[in-house]
Amino acid sequence: MLLPAEIESKTLIPALRAILAKKLAEDHNIREDEISKMLGVTQAAVSNYIRGTRGDPSLIAKLLAEKQVSDLIDELSSNLSSDMAYTPSSLSKFIGLCNYIKSSLLICEIHHNLESNIDEQVCKECENMLLKGPGSVY
């Protein structure tokens, strides 16, 4: 059984980095070495993100198809490209993006694609916690 944080770290964050790397390179003409510094990953990772060999392509397509997610990514990529660095504002936007994906239950779809045998009661309890938002307790 994967926890939401595991799903976020193993699939969601790499997919979001892939989207951002590609947008920064293609839409804002930023070099891979600069993108790597912005995203806190190696230049090789950025190269893989841009070529599509890192980050789940179907998850990337699903995320980009969601208007709110796409708008948040556009805002974040514009912020990163203008500051050329990860700032408190861009960090806040990235966290907000991840929180939106969790609270809108998009992360549940990702989870069901990774694990097909999730206990329904566990799923409902997790869903209730996600709907309450970050920092909620029992």
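Okay, let's start with two helices: α1 and helix α6, residues 88-103, pack at an angle of about 125°, with their axes 12 Å apart. That makes α1 oblique to α6, since oblique covers whatever is left once you take out under 35 degrees as roughly parallel, over 145 as roughly antiparallel and 65 to 115 as roughly perpendicular. Axes here are lines fitted to C-alpha atoms over the stretch in contact, with angles from 0 to 180 degrees between N-to-C directions. Helices are DSSP runs, H or I, of at least four residues, numbered from the N terminus.

Quick caveat: this is a predicted model, where local features need pLDDT of at least 70 and side-chain atom pairs count only at 80 or more, while totals for chains, interfaces and linings use all residues. Residues are numbered from 1 along each chain as its sequence is written, and side-chain values use heavy atoms, leaving out hydrogens and water.

So who meets whom? From α1 we have Glu 8, Leu 12, Ile 13, Leu 16 and Leu 20, and from α6 they meet Phe 94, Leu 97, Cys 98, Ile 101 and Lys 102, where contact means heavy atoms within 4.5 Å.

Let's zoom in on Glu 8, which lies in α1, residues 4-26. Is Glu 8 buried or exposed? Buried, with a relative accessible area of 12%; the cut-off for buried is under 20%, using a 1.4 Å probe and protein chains only. Its side chain also joins that of Lys 102 through a polar contact of 3.4 Å, meaning a pair of N or O atoms within 3.5 Å, one able to donate a hydrogen and the other to accept it, with sequence neighbours counting only if both atoms are side-chain atoms.

Note on methods. Buried < 20%, exposed > 50% of the residue type's maximum accessible area, 1.4 Å probe, protein only.
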